[in-house]
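Please examine the model shown here before reading on. The text below is meant to be followed alongside it.

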Amino acid sequence: MTVQQVEQGRYRSPFYPRQAELDRLNRWHEWKGYSSADGFYDTALEYFSVRNSTGVFDLTPMTKYRITGPDSLDFLDRLVTRDMKKIKPGRVAYAVWCNDDGKVIDDGTIFHLRQGEYRLCSQERHMAWLNAAAIGMEVSIEEETHEICGLAVQGPTAFSVLKAMQLDGIEKLRPFGLDHFDFQGSELMVSRTGFTGDLGYELWIERDKAIELWDALFDAGKLYGIMPIGTEALEHARIEAGFIAAYVDFLPADVTVRSGRSRSPFELGLDWLVDFKKPNFNGRRALAEEKRKGSTWRLVKLDIEGNKEAHHSYIYNAGRGRRKQVGFITSAVWSPVCKQNIAIGTVQTPHGEVGDKLFVEVYYQREMHWSRVMAEATVVDKPFWDPPRKRATPPGPF
Amino acid sequence: MSERYDVIVVGAGHNGLVCAALLAKSGRKVLVVEANDQVGGAAVTRTFADGFSVSSVAHLLYQLQPQVEKDLGLKLPMSGTDMQSIALAEDGEHVRMKGNHVSGVSNEDKSEYRAFHKRMTRFADLLKTYFNRTPPRLANDASRADMLNLAQLGFDIRRLGKKEMQEFLRLIGMNIRDEVVERFDSALLRGAISLDATLGTHLGPRSPNTILTYLYRLAGSHGELRQPTGGMSAVTDALAHTARDHGAVIRTGMPVTKIVVENGRAIGVRTESGETFNARLVVSNADPKTTIMDLTGVKNVETGFTRRISHIRMQGNAAKLHLALDGLPDVPGLEKREFADRLLIAPHEHYVERAFNPAKYGEYSEQPVFEITFPSFRDASLAPAGKHVLSAIVQYVPYELRAGWSDSARKSFETLAIDTLGVYMPGIADRITATELLTPVDIEREFHIHGGHWHHGELTLDQFLFTRPVGGAQQYAMPLDGLYLCGAGAHPGGGVSGAAGRNAARAIIKAEK
């Protein structure tokens with residue numbers, strides 16, 4: 001009898017054969033059942049590829065649902081807090097969805113692929129919730145996480161790379177737009193989206209064409225400094241862009257046990273995603289109530305003095321006398337492009353208005369010994385990194 | 001431009017009428033819209049054969065809350081009160097029960113029955129207090145009144161005394177079979193109590209919760225049985241009268257197709273004929289699934305709430321059988337005057353459980369259990385002179401019959417039911433001149449109850465008190481502004497009790513103070 005040997009109880013991305021050839025670190029972690037690389041060469045090097053040339057991140061483990069059927073628009077409109085009627089075919093929407101109490105279950109992107117045909121893409125799996133939201137509606141929800149693979153192509157030369165790949169018309173793609181291209185007989189969907197706050201695209205194709213897509217992309221990118229990146233580099237870019245991440249900056253409402261540990265869109269700085277002009281959507285009643293009564297928490301982006309990264313630090317108010325602890329840091333990094341010590345945190349209202357000065361208690365270790373510094377932090381409004389090239393259409397040829 | 005009301009009640013079932021009457025009495029302008037041509041919902045008298053009338057679904061009154069009668073000053077004419085229950089034996093050695101008294105059993109059983117009845121009625125009285133109140137909310141933002149109400153419940157249980165409190169907590173989730181087997185020798189007595197605990201439910205005597213359903217039965221007037229003159233319509237017609245006297249408008253033959261929602265608020269109803277009525281509040285006497293899934297529309301409520309509502313277990317398992325007879329049947333061992341009483345066919349607790357077994361798998365009982373009355377015996381208005389009506393609740397008859405409820409399936413079950421009756425009433429088949437069988441599917445269609453379940457949702461601990469119909473909606477107000485529930489699907493549950501309707505009216509009056 002032969003026993004089949006299984007290396008690990010994890011899926012391999014269809015890009016894995018190519019990633020393995022380039023990988024110098026052999027550092028992988030589990031992400032939604034898949035092996036995902038921490039990095040391939042060096043986190044800093046990969047990070048700089050995103051900011052100076054092009055970094056390629058494997059999105060395959062992202063949860064993908066294909067949503068079709070006569071009620072697909074009504075379904076999504078009820079699911080998420082923003083108005084999906086405004087998202088025309090060929091457009092992409094960043095959205096959050098809430099439970100009955102108006103607390104965020106997850107955030108994600110919704111691609112309006114064709115009239116009435118959508119792809120919902122998120123970090124977490126949500127089939128049970130989506131099915132519940134579909135009760136009484138004529139809509140089909142199919143998971144296509146494993147069938148569709150994806151690559152995020154991010155950085156100033158990303159446009160030039162795709163141009164070199166001969167994706168005709170790619171120059172017309174505006175931010176949050178999507179288009180379909182023929183790729184060796186298969187349909188390649190390209191959206192101008194990303195998680196880095198820079199010029200960038202995401203490429204989506206059926207699993208069988210993964211290797212061909214990778215090869216074509218890396219061939220085209222040879223002169224443009226293309227490089228695969230892992231999660232660590234992406235995480236740095238993500239914080240600079242001011243994007244929040246589930247399980248880092250907030251907990252999905254369906255996994256919290258203690259009361260008060262989940263967050264509303266208002267508490268995550270996503271007020272702009274909540275459209276009360278819509279007569280009904282999940283969490284509307286609770287959110288309207290919160291709007292009246294005021295929120296408990298506020299998400300803040302902080303510019304911190306000094307250069308010591310404020311991981312997991314407490315945040316204090318800047319009042320006279322005894323300082324009161326008002327919150328905590330959820331994401332922190334030293335930003336090489338901004339030359340800033342930046343962080344994302346959560347504070348109790350009314351603290352954390354834009355421009356407020358707060359203090360962050362940073363613990364750091366030097367040769368085993370721990371030290372502590374109270375660093376002043378300023379609440380900022382805009383993303384830390386927000387280059388004009390991100391928005392330019394057509395993007396410049398870098 | 002249609003007239004504007006303070007409150008529109010969807011459905012003129014007895015709870016809807018109680019609610020409407022109390023709200024009208026409070027000075028509100030109330031409109032009741034009923035789909036059927038007759039008020040009363042499932043508490044109604046209908047003609048089923050030429051000259052023969054019968055209470056179509058509910059046929060005995062034993063749960064009507066005294067508070068409802070008092071608040072509305074109801075004076076109901078009764079053709080029968082204080083009826084006894086007779087557990088039929090094939091050999092004619094029947095067991096008779098009334099109050100805490102039982103005959104036809106050993107002396108040990110008699111004294112056990114007294115003790116059993118005493119304890120059960122005591123527990124039922126405790127529950128009854130809570131059946132006539134809005135249940136507390138268990139939430140982080142529960143009000144002070146909720147917390148006090150909850151503390152009161154705990155206190156009341158504790159006040160039973162240490163031993164009785166332990167018994168209460170031991171019994172409340174338990175099955176009736178274990179209790180009757182521990183106490184009684186008489187199989188007929190055990191069977192009869194098992195039947196009482198499972199009537200109208202999708203539960204067998206060995207199912208957990210059947211002590212609770214037994215207590216529920218007693219939580220009105222200790223299970224004392226009454227038969228209104230003219231059948232159940234006597235009750236609901238009186239309620240309709242009272243409501244009208246207080247100024248409520250009742251429109252029948254007007255099915256509501258939609259509860260109109262605008263900007264997250266229920267603002268009125270639309271009827272099948274396309275008429276729209278507007279009101280400040282819409283109160284639904286329909287079951288929770290019909291109310292939310294069909295009338296309100298899931299798009300107008302939250303996803304988690306929709307999911308909970310769609311998961312309510314409410315598939316009926318009881319059928320109603322009506323027989324027009326050209327004379328009283330022969331029942332060995334039964335005195336003639338006892339045709340005025342309630343007869344049970346449940347000769348053993350195993351018989352009841354075995355009757356339930358097939359229902360779990362989508363089949364009807366080969367040997368069903370019966371609760372039988374001859375309403376015409378006391379009330380001559382129900383049948384031509386010298387002729388009689390047999391009205392029986394027969395179970396188990398699952399809503400979802402695996403083979404489907406075709407005409408032939410219906411006919412086969414009817415034949416089988418009459419054959420079973422024939423065992424206890426030899427020759428009854430020859431006396432039948434007309435029949436009517438209402439399976440849960442028929443009850444659903446004719447009385448607009450999802451699943452044909454008379455409680456509008458199985459009466460079990462997970463769908464009880466704080467979680468009836470579902471968590472987050474237990475205080476009659478639905479999580480949609482302007483929408484209330486006042487039917488059996490709300491706390492405390494079904495049966496012709498009026499408690500849900502009265503509690504809902506009181507909750508509305510309190511909320512609007």
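The model is predicted. Chain B contains 16 helices and 19 strands, and its C-alpha trace extends over about 65 × 60 × 45 Å along the principal axes. A compact globule of 513 residues would have a radius of gyration near 24 Å, and the 22 Å of chain B therefore agrees with that expectation. Of the 513 residues in chain B, 55% are buried. Among contacts in chain B with a separation of 6 or more, 73% join residues 24 or more positions apart.

One such region to inspect is the pairing of two helices. Helix 1 (residues 14–25) and helix 16 (residues 499–511) of chain B have axes that come within 7 Å and cross at roughly 35 degrees; the crossing is right-handed. Helix 1 of chain B contributes residues including Val18(B), Cys19(B) and Leu22(B), while helix 16 of chain B contributes, among them, Ala504(B), Ala505(B) and Ile508(B). By class, this contact comprises eight nonpolar, four polar and one charged residues.

In soluble globular proteins, nonpolar side chains tend to be buried together. The largest nonpolar core here has 159 residues, and those with the most contacts inside it are Ile8(B), Ala20(B), Val32(B), Leu215(B) and Ala504(B). Helix 1 of chain B supplies the largest share of this core, eight residues. Beyond its neighbours within four places in sequence, Val32(B) is in contact with residues including Val9(B), Leu17(B), Ala20(B), Ala248(B) and Ile250(B). Another core, of 105 residues, lies apart from the largest one and includes Ala132(A), Val139(A), Val326(A) and Ala343(A).

Note on methods. Residues numbered from 1 in each chain as written. Chains lettered and ligands numbered in written order. Predicted model: local features only at pLDDT ≥ 70, side-chain atom pairs only at ≥ 80, totals over all residues. Axes fitted to C-alpha atoms, helices over the stretch in contact; angles between N-to-C directions. Helix = DSSP H or I, 4+ residues; strand = E, 2+ residues; numbered from the N terminus. Left-handed = near helix turned anticlockwise from the far one by under 90°. Contact = placed C-beta atoms within 7 Å. Nonpolar A, V, L, I, M, F, W, Y, C, P; charged D, E, K, R; others polar. Rg over C-alpha atoms; globule rule 2.2 N^0.38 Å. Buried ≥ 20, exposed ≤ 12 C-beta atoms within 10 Å, placed from the backbone. Core = buried A, V, L, I, M, F, W, Y, C linked by C-beta atoms within 7 Å.
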